[in-house]
Amino acid sequence: RGLTVVENAIFAAETIHAPPIASRVGINLLGPALIHHATEEQRKRFIPKMLSGEEVWCQGFSEPDAGSDLAALRTRAEPDGEDFRLEGQKVWTTFAPWSDWIFVLARTDPDDRYGGITFFLVSLHQEEIDVRPIRQITGESEFGEVFFSGALAKREHIIGAIGEGWKIAMTVLAYERGSMSLAHLARFDHYLKDLVQGVREKGTLKRTDVREKIARLLVEKEILRANGYRTLASLASGQAPGPEASLEKIFWSEYSRRLADGALDLLGLQAQLLVGSPYARPHMDWAQEALYSRAVTIYAGSSEIQRNIISKRILKLPSS
Amino acid sequence: RGLTVVENAIFAAETIHAPPIASRVGINLLGPALIHHATEEQRKRFIPKMLSGEEVWCQGFSEPDAGSDLAALRTRAEPDGEDFRLEGQKVWTTFAPWSDWIFVLARTDPDDRYGGITFFLVSLHQEEIDVRPIRQITGESEFGEVFFSGALAKREHIIGAIGEGWKIAMTVLAYERGSMSLAHLARFDHYLKDLVQGVREKGTLKRTDVREKIARLLVEKEILRANGYRTLASLASGQAPGPEASLEKIFWSEYSRRLADGALDLLGLQAQLLVGSPYARPHMDWAQEALYSRAVTIYAGSSEIQRNIISKRILKLPSS
Amino acid sequence: MNFELSEANSLLKSSIREFLQQEAPLDKSRPVMEDTEEGFSREIYAKLGDLGYCGLTLPESEGGSAAGAIGLAVVLEEMGRVAFPGPFLDLVLAIETLSRVKDEPASEFLQGIVEGRKSVLLARWETLEDLDGSSLQTRSDQNTVRGTKLLVPFGNSADFLLVTAAEGLALFPRPEEGWKAISLPLLDHAQRLVEISLDAPGTLLCDKKTADTILKEVAQLGALGASALLLGLIEGSLELTLDYLKERKAFGRSIGSFQVLQHRAADMWIRMESCRSAVYRAAWAVENKQNEAPLLVASAKAYCGDSAHFVCGETIQLFGGVGYTWEYDPHIYYKRVKTLEQLYGSTRNQLEAALRSQGI
Amino acid sequence: MNFELSEANSLLKSSIREFLQQEAPLDKSRPVMEDTEEGFSREIYAKLGDLGYCGLTLPESEGGSAAGAIGLAVVLEEMGRVAFPGPFLDLVLAIETLSRVKDEPASEFLQGIVEGRKSVLLARWETLEDLDGSSLQTRSDQNTVRGTKLLVPFGNSADFLLVTAAEGLALFPRPEEGWKAISLPLLDHAQRLVEISLDAPGTLLCDKKTADTILKEVAQLGALGASALLLGLIEGSLELTLDYLKERKAFGRSIGSFQVLQHRAADMWIRMESCRSAVYRAAWAVENKQNEAPLLVASAKAYCGDSAHFVCGETIQLFGGVGYTWEYDPHIYYKRVKTLEQLYGSTRNQLEAALRSQGI
């Protein structure tokens, strides 16, 4: 029956040290959606191979003109007998180059902004799909673009009903925003240790300016953990995550930037030396992390989008 | 012929140490407007007594429902033979309780948001005007509300033409925002000296966290000075201040908050003791300054209004 | 760890909230802060005593309601929300100290204090730096206490003082003679901080070593309590802000519809929720004697202090002109925050304590 | 003080801008940064030499154009705007050093360098901390230089090195033997930082005392130059941002119409204008040998560093997804800023220097 949310977070926390394992997108993002919205057959068909890593998943949500404004997506699903054919393009698809399946939001009704979106599971192993990696500012290519030109999307692989895609996507995004923060904490614990060690070796750990900055990073990390436990407690008690998940997404992503910027400040040029270069920190690539930390406030709903959600859906502030 | 802008700033810089002298509003704010827009007679009538301090001026712009949105002002000027009668209320009028004259923006046309505003010079010594002081969070009452019930506003004391009030008000606000920052610098130099002295006496001037914070306050003060010189140079070369003045207003007002907050952080509870209380800093009332520094980002156009001006009028970013 | 309040604590929350709405809504409290010499209402404190709030944290055996650290946080959060004036937290800390001194002279009259009939306050500090109070100048023998204590909140109203002295902890009934109090007016006009010079009869309750252990535990409770107060102040201040954003109009629309102000409010809300997580996680750790308690309490105090400064300061900004007037309430919250940032372990000291707790 | 550029400097500004638009617009420079070993185009540097830019700050008597500190700032601001690759500033600093060493071996070939035919670079640092270079391990006598220098920007491409040694400043022609360079790949892929180990013939140009005086003056010019580069990077990055804000659409409107992004852009603009004031006020003070020069240069470098980090970082954020791709330009600016924050007097060292200049 898939992982429970708690197991999910623990799993993520345990695996975070390992190099990004491709099955994480499936387990952490699609997993909860299947548990909440899929049929028994669909779960039987997909969850075991997802857990075993036999089938690797990627997420087909964003499009070149539908980033922050996800509902502007234009990928079309045209009926073809029982099934559908996909026409369009997805972008920022993490792990796309190594995936077997993709879960896709596509339009089954061009005129209904939200109600016209359907959630498909689609095999990437077909000629009508072209995957091109995108190079990131780190130099790596963890994600890519996916082009659909008449790709087959089977009716039996639609999750929920036709037109329910937006609702299901919101579940996926909420889990992406919420339950992941404990997973990131494992990274941050590890990083902060390296920073303290680096400062100690540099001989500046006694400087009060250094101490204050490290203390703030330590304190905020504990706040992040407290928030994470709270979300986890409410998820564990069965509630699907709501707009509150935006708090966690903002907090962990902006913390990760403060942490990396802090390290570049406190460790100086050493933290900008790529791993492998002489004098670099041996076990922590601060340069890459500093760049990566610029991405996390953008993907899975930018900080700006999260603040819109909070002010509109939680604080109920009026629209102009 | 009134003070030149340079003299104006120097004058302000020299007088800033003295207790707020009531003639400053007239000289710094109305002065430039008279020089740019008044007739020779009007200048002869008003500027000498303004400079001598014989006639004290206050500014009647804001209203209870026209703060940030100044053009929403509703004080009416009804024709009465040659002259006009004022009906309405002004608020946040600095020095109102001690003033002889007030320069007022009033509506001569209810239907023309900008073009319906006229700039009047009005004597406060008449029964149809009631001035009530407003108590501030510092406990003092430097400003007040002014109620007009049929107060006489003479045609000969209109500055510029009827309906030109908005344009003239913009000159006043630009000078208020621009040329004052060097005046404030004199205060900030004085305050930062006291902070350094206080920290020295506290014995924490050697702490690197304290040093970094003081250094940033010192550096930003020099940036503020550089900006001020630049504005002054362009004003001195004859240009009336434009939207760029918003930069200065934002910088000096937000700096004054950082400076006061920094002192309360670095001096600890001592900085919160009111002057006169044992153990307080003898010559600097940081507690009052900390409160006052919350006001400066609000009056003369809040920081939010200034950023609107910059993004719209300088960066030409589109309206939705 | 669970964030749901126990049934007992939810009940506690609703009762104290109801009590404060009845007895001390801000409009009733403001005249007390502004126009009375003592700065709080003895009458209301007596009622709090009758209802058992003063003995909140004491075991039932000592006439307390054993509400523990979480219960204390619940009550103080509500008091912060209405900026409740007076030395409630200080009273609780003094009572906690007394109850930890297992010694007759203490428990003898503890009852009267728990019932709010008499007040006792801690006089710990001798410098402006709120530090651990090592190297004390105050001297005490079996019969007299001699010295000067700084920063006694509402000290002028105390019937008894618990004084830290070089020899240990001394109990000091307010005398006719040999008691000089100088008030130290602060930015926060609701505070009644005094410096007290003593030279009068008092009793030594325990030696320095015992006193230090006890005061360390009590200081942790103080920092936790102050964090809960700060959380409450944030809640009260943000509530004012949201109401104002919704009703105030400018440029022909409610100012709450401007995206810049919406995001500011979102940031304030994020701080509030994060402080809540921090306070209750720390309270839980203290109540359950977790090893991480020192880290979590220090983190909560430091983070709540910074957050409250931000939230209550932004409230003034978002209120615009009226936010700077005495008449409106935002300054009440802002000023209270400024005092709490410094007392019960200043932000700077808590940050250092957090590092130490991790051996850094 | 006057912020209007002199006629000569306005002319200088338009000529260098035109030159860079011609020879080194960012789309032409990117392959040079990304795919070449040296990381810059010798051809373009030779042209800069021919046009007299390398000798920019030298007196006419030495074949320079005596543009002074303001002229240098003007040129570097334009180079920053297009993220011009290579060691131009380092070249100028080395030339300034040589011209200050009034000594035959220097001026002898200075001409060739000023004309951009040969390159000379300073090798000052021996630790990762960019400090004043006291306690040097490198040794030099009349005939040889022996030691290891860290952080020589584009050092691999130098024909000559000016090496700081315990005995003074040594000139070091690149030999066949006794020269070992290890590259230190950085966050900024356009950088070519190397560590160089030397054990080969070189000439001592002046003693330590003279060297220290000269290097102090040159370091001031370096900090000023880096500030001007940072100002230019801010301008280039903000320009990208404003164009993108105006053309990119979301939720059916241009994203530049969202108030939150408008105010972000306003903050970026405020930083840019403030950096401009700071850089030209400092340049003016250096050129006119004002006493406040040390304070103003330190302030400019520290403030421009912080501001550029903010502005170029926000550019990535405002570009959204594409801002994180290699293909788009924001990362070029951001990465360059990160190196400049650390070199030519790190922000931390400049803040300390600012205090010292005021006797604090």
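Leu169(C) stands opposite Cys206(C), a residue of strand S8(C). The model is predicted.

- Strand S5 of chain C, residues 168-173, pairs with S8(C) in the antiparallel sense, over four bridges.
- Helix H7 of chain C, residues 208-247, packs on the sheet and touches S4, S5 and S8 of chain C. The direction of helix H7(C) makes about 80° with that of S8(C).
- The sheet is open and has four strands in the order S1-S4-S5-S8 (chain C), with mixed pairing.
- Strand S1 (120-123) and strand S8 (203-207) of chain C each have a single partner strand, so one side of each is left without a neighbour in the sheet. These two strands stand at the edges.
- From one strand to the next, the twist averages 25°.
- Helix H5 of chain C, residues 88-100, lies across S1 and strand S4 (160-165) of chain C. Helix H5(C) runs at about 85° to S1(C).

**The antiparallel sheet of chain C**

- Four strands of chain C form an open sheet in the order S2-S3-S7-S6, and the pairing is antiparallel.
- Strand S2 (139-140) and strand S6 (179-183) of chain C are the edge strands, and each pairs on one side only.
- Eight bridges join strand S3 (residues 144-153) and strand S7 (residues 193-201) of chain C in the antiparallel sense.
- Pro153(C) has Leu193(C), in S7(C), as its bridge partner.

**Chain A as a whole**

- Chain A contains nine helices and eight strands.
- A compact globule of 320 residues would have a radius of gyration near 20 Å, and chain A, with 21 Å, agrees with this.
- Taken along the principal axes, the C-alpha atoms of chain A fill a box of roughly 70 × 45 × 40 Å.
- In chain A, 53% of the 320 residues count as buried.
- Among contacts in chain A with a separation of 6 or more, 71% are between residues 24 or more positions apart.

**Two packed helices in chain A**

- Two packed helices are described by the angle between their axes and the distance between the axes.
- For helix H7 (residues 245-266) and helix H8 (residues 286-295) of chain A, the angle is about 145° and the axes are 9 Å apart.
- H7(A) and H8(A) cross in a left-handed way.
- Residues of H7(A) in the contact include Ser256(A), Arg257(A) and Leu264(A), while those of H8(A) include Trp286(A) and Glu289(A).
- The contact of H7(A) with H8(A) has five nonpolar, two polar and four charged residues.

How values were computed. Residues are numbered from 1 along each chain as its sequence is written. Chains are lettered from A and ligands numbered from 1 in the order in which they are written. This is a predicted model: local features need pLDDT of at least 70, side-chain atom pairs count only at pLDDT 80 or more; totals for chains, interfaces and linings use all residues. Two strands pair if DSSP finds at least two bridges between them. Axes are lines fitted to C-alpha atoms, for helices over the stretch in contact, and angles run from 0 to 180 degrees between N-to-C directions. Two residues are in contact if their C-beta atoms, placed from the backbone, lie within 7 Å. A crossing is left-handed if the near helix is turned anticlockwise from the far one by less than a right angle, and right-handed if clockwise. Ala, Val, Leu, Ile, Met, Phe, Trp, Tyr, Cys and Pro count as nonpolar, Asp, Glu, Lys and Arg as charged, and the others, Gly among them, as polar. The radius of gyration is taken over C-alpha atoms; the globule rule is 2.2 Å times the number of residues to the power 0.38. A residue is buried if 20 or more other C-beta atoms lie within 10 Å of its own, exposed if 12 or fewer, and partly exposed in between; C-beta atoms are placed from the backbone.
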